[in-house]
Amino acid sequence: MNRYHTLSEIDKKRLEHEEDRLLATFLYNMTAFMIMVNIDRTEIKRKCRRLLG
């Protein structure tokens with residue numbers, strides 16, 4: 001956390017965008033896998049909403 005606080009605003013923003021991209025990729029891949037193994041659509045929606053919250 002100390003290292004994060006010492007970063008400039010531009011570097012903080014870049015780091016946040018990288019984190020968001022990583023989370024979005026994870027969510028996309030997890031959803032694709034759940035669809036591939038025929039998980040119920042309501043369960044997929046519930047899991048995605050929980051992760052986004």
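Buried here means under 20% relative accessible area, while exposed means over 50% and partly exposed lies in between, with a 1.4 Å probe and protein chains only. Helices are DSSP runs (H or I, at least four residues; strands are E, at least two), numbered from the N terminus.

Before moving on, note that this is a predicted model, in which local features need pLDDT of at least 70 and side-chain atom pairs count only at pLDDT 80 or more, whereas totals for chains, interfaces and linings use all residues. Residues are numbered from 1 along each chain as its sequence is written, and side-chain values use heavy atoms, with hydrogens and water left out.

**Helix α2.** Select residues 9-36 next: this helix has 28 residues and reaches 41 Å from its first C-alpha to its last, close to the 40 Å expected at 1.5 Å a residue, where the expected span is 1.5 Å times one less than the number of residues. Colour Lys12, Leu27, Met30, Thr31 and Met34, which are buried in α2; the buried residues of this helix pack against α1 (2-6) and α3. When comparing positions along the helix, recall that an α-helix has 3.6 residues a turn, so residues three or four places apart point the same way.

**Lys12.** Leaving aside neighbours within four places in sequence, Lys12 is in contact with Tyr4, His5 and Leu7. Show the ring of Tyr4 as well, since the charged end of Lys12 sits over this ring, 5.4 Å from its centre; the rule asks for NZ of Lys or CZ of Arg within 6 Å of the ring centre and within 35 degrees of the ring normal.

**The annotated stretch.** Select residues 22-39, which the unreviewed UniProt entry annotates as "transmembrane region"; such annotations may be inferred rather than shown by experiment. Over these residues the chain is 83% helix and 0% strand, and the end C-alpha atoms are 23 Å apart.

Go on to Asn38, which lies in the loop between α2 and α3 and whose phi is near 60°, a positive value in a residue other than glycine. Asn38 is exposed, with a relative accessible area of 68%. Asp40 belongs to the loop between α2 and α3 too, but Asp40 is partly exposed, at 47% relative accessible area. Finish at Arg41, in helix α3 (residues 41-52), which is exposed, with a relative accessible area of 55%; its C-alpha is separated by 34 Å from that of Lys13, 28 residues apart along the chain.

Key: Contact means heavy atoms within 4.5 Å.
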